[in-house]
Protein chains: 2
Amino acid sequence: MTHSRTRGERRRHQTIQEILDHAVAVMDEVGVAGLSMSEVARRVGMRPPSLYKYVPSRLALFDLLFRDGQQANLEAFRAGAEGAPPGLNALAKALQASGRWALANQSLAKLLFSRPVPGFEPSAEAFAPSLEMVADVQQMLRDAVARGELRPEAAGPDGLTIVSILTTGVLSQQLSNEPDAAFDDGRYTRLAPRLFDMFTKYYEVT
Amino acid sequence: MTHSRTRGERRRHQTIQEILDHAVAVMDEVGVAGLSMSEVARRVGMRPPSLYKYVPSRLALFDLLFRDGQQANLEAFRAGAEGAPPGLNALAKALQASGRWALANQSLAKLLFSRPVPGFEPSAEAFAPSLEMVADVQQMLRDAVARGELRPEAAGPDGLTIVSILTTGVLSQQLSNEPDAAFDDGRYTRLAPRLFDMFTKYYEVT
DNA sequence: GTCTATAGCCTGATAGAC
DNA sequence: GTCTATCAGGCTATAGAC
């Protein structure tokens with residue numbers, strides 16, 4: 001993706017990554033909408049004006065965070081599916097991996113899944129990984145139908161939407177009410193397999 | 001609840017209500033976490049110092065908003081159940097009414113269901129209506145079990161948690177991705193009955 | 001209860017020297 | 001690329017006159 005050639009570019013890319021890491025730490029402390037350029041500059045060891053050489057504005061910083069977050073979440077999702085037989089099994093593992101990522105990256109997850117910053121809309125480029133993930137889910141549902149695990153309507157648009165509702169519901173409850181729990185112990189996240197089971201039974205071939 | 005006796009107290013209560021109404025309008029425009037005392041003062045036609053005669057701090061303002069929001073949501077929930085046969089039917093109607101309220105009061109809903117303001121924790125008094133609502137849901141599930149509509153485990157703690165996950169999932173997706181839709185047309189909210197059906201079938205008596 | 005005035009912060013962003 | 005200096009404003013909250 002970002003293959004810097006020169007030393008300068010490589011160094012610059014490194015600095016930007018450092019900025020993003022500190023930005024996440026700030027959001028963890030003061031909330032996503034509380035992120036400030038000055039505080040990030042302080043932590044990264046710069047005066048605020050210097051930060052603007054790397055990130056042109058506060059909203060641009062959010063866009064970088066959004067893009068990296070979506071990309072990381074997509075990679076977690078795909079890594080989760082790896083090696084699993086396609087269809088329901090792959091979907092369950094991928095969704096669980098994505099959920100674990102969200103629990104381990106709560107500020108980024110909030111930035112991606114709710115819209116906590118008024119005036120910020122992600123750019124098309126930053127949003128792209130999300131579309132890839134939706135396409136992956138759809139394909140997994142089609143695989144499940146092809147294998148006879150689900151009825152065809154499960155791979156329709158409503159089936160996809162229901163999957164998104166279930167996963168968002170689990171995560172948003174867990175993040176809001178018990179953010180420090182581990183995924184397997186969380187009052188909400190530990191019910192993820194049960195909800196997946198509910199979905200599966202609802203659409204099982206009769 | 002708040003029965004003011006004297007003219008002065010009545011007037012004061014009226015002013016506080018006006019403050020809360022304007023505060024909601026501000027949150028609608030700049031986000032929940034963007035609420036500022038100064039902006040509210042401007043809109044209500046006061047200088048900022050005067051506002052502090054009615055609300056002692058910004059966090060106290062959030063607490064008032066939280067309490068009123070919880071109360072209004074509880075009232076919508078109960079009004080929705082009114083007249084319906086107890087059990088599943090009452091639960092479905094109550095949850096739908098609560099969902100409609102959330103869609104019509106998005107800023108308050110975000111304040112109640114997510115935790116968008118770092119440093120704000122609702123007081124026990126402000127949180128009380130939420131506990132009442134949980135108790136109501138639990139009772140409705142028990143009624144449904146008693147009527148033979150659901151297996152006993154549906155009224156256990158996991159059943160209650162699953163109900164909360166389903167409703168939160170629908171609402172959080174709708175509010176984040178398509179906030180301007182009507183409840184019956186929303187890409188997510190219109191699937192609420194289907195999700196309720198999923199829940200019902202999963203716990204139906206075999 | 002309302003105001004003026006103000007303390008003491010914070011912010012995002014830019015100009016221009018080095 | 002970094003800095004100092006600064007603009008132009010915002011904010012929460014309080015003191016004290018009226």
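Which element gives the largest share of the surface near DNA strand D? In this predicted model, that share comes from H2 of chain B, which contributes three residues.

Of the atoms of DNA strand D that come within 4 Å of the protein, 65% are accounted for by sugar and phosphate. Several phosphate contacts can be described atom by atom. In the case of B:Arg42, a polar side-chain atom is found 3.4 Å from a phosphate oxygen of DNA strand D. The elements that each give two or more residues to this surface are helix H3 (48–51) of chain A and helix H2 (37–44) of chain B. When the residues of the surface near DNA strand D are divided by class, six are nonpolar, four are polar and five are charged.

DNA strand C is surrounded by 16 residues, and the closest of these are A:Met37, A:Pro49, A:Tyr52, B:Lys53 and B:Tyr54. Sugar or phosphate holds 66% of the atoms of DNA strand C that are within 4 Å of the protein, and the rest of those atoms belong to bases. Here too, individual phosphate contacts can be listed. For A:Arg58, by contrast, the atom concerned is a backbone N or O atom, which lies 3.0 Å from a phosphate oxygen of DNA strand C. At least two residues of the surface near DNA strand C are supplied by each of two elements, H2 of chain A and helix H3 (48–51) of chain B. With three residues, H2 of chain A gives the most to this surface. By class, the residues near DNA strand C comprise seven nonpolar, four polar and five charged.

Chain A itself is divided into domain 1, covering residues 1–56, and domain 2, covering residues 58–202. The contact between these domains takes 15 residues from domain 1 of chain A and 13 residues from domain 2 of chain A. The centres of the two domains, taken over C-alpha atoms, are separated by 27 Å. Between them, domain 1 and domain 2 of chain A bury about 1300 Å², with 76% of this area on carbon and sulfur atoms. On the side of domain 1, A:Leu20, A:Val32 and A:Leu35 lose the most area to domain 2, and together they make up 39% of what that side buries. No salt bridges are counted between the two domains of chain A, whereas three residue pairs are in polar contact. Helix H1 (7–30) and helix H2 (37–44) of chain A are the elements that give two or more residues to the side of domain 1 that touches domain 2. The largest share of that side, eight residues, comes from H1 of chain A. In terms of class, the side of domain 1 that touches domain 2 consists of 13 nonpolar residues, one polar residue and one charged residue.

Key:
Residues are numbered from 1 along each chain as its sequence is written. Chains are lettered from A and ligands numbered from 1 in the order in which they are written. This is a predicted model: local features need pLDDT of at least 70, side-chain atom pairs count only at pLDDT 80 or more; totals for chains, interfaces and linings use all residues. Side-chain values use heavy atoms; hydrogens and water are left out. Domain bounds come from an automatic or database domain assignment. Contact means heavy atoms within 4.5 Å. Buried area is the accessible area (1.4 Å probe) that two parts lose on being put together, summed over both. A salt bridge is a side-chain nitrogen of Lys or Arg within 4 Å of a carboxyl oxygen of Asp or Glu. A polar contact is a pair of N or O atoms within 3.5 Å; within protein, one must be able to donate a hydrogen and the other to accept it, and residues adjacent in sequence count only if both atoms are side-chain atoms. Helices (H or I, at least four residues) and strands (E, at least two) are DSSP runs, numbered from the N terminus. Ala, Val, Leu, Ile, Met, Phe, Trp, Tyr, Cys and Pro count as nonpolar, Asp, Glu, Lys and Arg as charged, and the others, Gly among them, as polar. A residue is near a molecule or strand if one of its heavy atoms lies within 4 Å of it.
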